[in-house]
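Colleague: Before I use these labels, I would like to hear the grounds for each of them.
Modeller: Ask about them one at a time.

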Amino acid sequence: MPFYLKERIEDIKARHIVRRYYGKKLPRAEKIAMTWMAIMAFWLIVSGTLSWQNLAVGGSISLIISSFMYENLTDDLRYEGSFIKKVLTLAFIQIPQYAFIMIFQLLESNFRVAKHALFLGINPGIVRLETDLRSATGTTLLANSITLTPGTLTLDVAKKLDKTYLYVHWIDVKTLNMKKAGDEIKGDVERWLGKIFW
Amino acid sequence: MIEYALLAMGTSIMVFGALGILRFPDVYTRLHASTKCDTGGALSILIATALIIPAPPMIKVKILVLTFLIVMINPMISHAIARGAHRSGVEPKVVVDMYARDNP
């Protein structure tokens with residue numbers, strides 16, 4: 001098979017996988033349950049007590065809210081087989097891992113900004129990246145993570161022809177190649193987000 | 001002991017952010033300094049506060065929720081400011097500008 005056809009066929013296969021999984025979102029009951037858990041956790045932290053009146057009021061009101069607003073929070077989550085396993089891995093492995101790694105990235109970027117402010121060896125530029133994430137929530141979180149990782153700031157997000165592009169202001173431009181710049185800037189964040197979101 | 005180290009680190013990060021805002025050449029590089037140093041400084045100062053204050057653990061968890069909100073909202077605001085500045089014609093001092101090339 002000629003090489004130009006090979007690239008094209010791989011592109012079509014990737015697009016087919018995406019189409020197939022877009023039809024396979026979470027069922028409605030699981031969406032409602034997940035939204036209810038998130039709202040209930042926030043209510044427990046904000047109210048701060050554990051009496052039964054508090055639990056009853058919070059549970060019923062968050063059930064009413066989650067019964068009609070379930071699409072906003074959980075529409076972009078990846079579908080997996082078991083619901084309980086998904087919730088447990090999300091709450092106890094994936095979110096703490098993401099927070100831990102982002103804290104260290106933020107510390108490194110603070111030191112980098114201090115170094116640039118003292119010695120001013122900057123070479124700024126606006127480059128374009130391509131991501132594999134397609135959903136709105138995943139793209140938003142990726143843009144936020146790129147802003148907090150060292151030396152980069154997201155300017156805009158554009159969607160063209162089923163692909164998502166990010167415009168990134170890079171304070172120390174090393175390469176203009178889209179793939180190499182993507183590896184340099186996104187790092188592992190995109191892979192971790194790709195496990196959770198589309 | 002660790003809370004005082006966190007407080008000192010947060011204030012020094014804030015000072016370096018202010019220095020960066022004064023010394024960097026244009027809007028976008030200044031946004032770098034303000035976003036990252038504000039987020040990191042507020043994060044470490046709030047964690048130190050949560051460790052220092054004599055309060056029940058629910059109050060401390062509320063302060064951690066505050067840090068979460070700051071970390072989520074701060075980059076979005078810088079993103080909005082940078083996009084608005086570029087759209088309204090603030091010229092960036094850069095070596096390459098693919099955004100202006102793709103959106104003439």
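**Grounds for the labels**

Modeller: This is a predicted model. Searching the whole structure over all chains gives 1 aromatic pair. The pair is A:Phe100 with A:Phe104, and its geometry is edge-to-face.

Colleague: What makes A:Phe100 and A:Phe104 an aromatic pair that is edge-to-face?

Modeller: The ring centres are 5.1 Å apart, and the limit for pairing is 6.5 Å. The planes are at 65 degrees to each other; over 60 counts as edge-to-face, so the label applies.

Colleague: Where do A:Phe100 and A:Phe104 lie?

Modeller: Both are in helix α5 (residues 83-119) of chain A, 4 residues apart, or about one turn of the helix. In an α-helix there are 3.6 residues a turn, so residues three or four places apart point the same way.

Colleague: Why is A:Phe100 called exposed, and why is A:Phe104 called partly exposed?

Modeller: A:Phe100 has a relative accessible area of 54%, and exposed means over 50%. A:Phe104 has 47% relative accessibility, so it counts as partly exposed.

Colleague: How do you know that A:Arg128 lies over the face of A:Tyr165?

Modeller: A:Arg128 is at 4.9 Å from the ring centre of A:Tyr165, and the cut-off for that distance is 6 Å.

Colleague: Which residues form the nonpolar patch on the surface?

Modeller: The patch consists of A:Trp43, A:Val57, A:Ile61, A:Ile64, A:Ile65, A:Phe68 and A:Met69, with about 640 Å² of accessible area together. Helix α3 (residues 52-68) of chain A gives the most to it, with 5 residues.

Colleague: How do you know that the span of helix α6 (residues 136-148) of chain A agrees with what it should be?

Modeller: At 1.5 Å a residue, its 13 residues should span 18 Å, and the end C-alpha atoms are 19 Å apart, so the two agree.

Colleague: Why is α6(A) called mostly covered?

Modeller: Of its 13 residues, 10 are buried, among them A:Gly138, A:Leu141, A:Asn144 and A:Leu148. Buried means under 20% relative accessible area.

Colleague: What makes A:Asp11 partly exposed rather than buried?

Modeller: A:Asp11, in helix α1 (residues 3-22) of chain A, has 23% relative accessibility. Buried would need under 20%, so A:Asp11 counts as partly exposed.

Key. Residues numbered from 1 in each chain as written. Chains lettered and ligands numbered in written order. Predicted model: local features only at pLDDT ≥ 70, side-chain atom pairs only at ≥ 80, totals over all residues. Heavy atoms only, no water. Phe/Tyr/Trp six-rings, centres within 6.5 Å; stacked < 30°, edge-to-face > 60°. Helix = DSSP H or I, 4+ residues; strand = E, 2+ residues; numbered from the N terminus. Buried < 20%, exposed > 50% of the residue type's maximum accessible area, 1.4 Å probe, protein only. Lys NZ or Arg CZ within 6 Å of the ring centre and 35° of its normal. Patch = residues over 30% accessible without salt bridge, like charges linked within 9 Å, V, L, I, M, F, W, Y side chains within 5 Å. Areas by Shrake-Rupley, 256 points an atom, 1.4 Å probe, with all protein chains shown as cover. Salt bridge = Lys/Arg side-chain N within 4 Å of Asp/Glu carboxyl O. Expected span 1.5 Å × (residues − 1).
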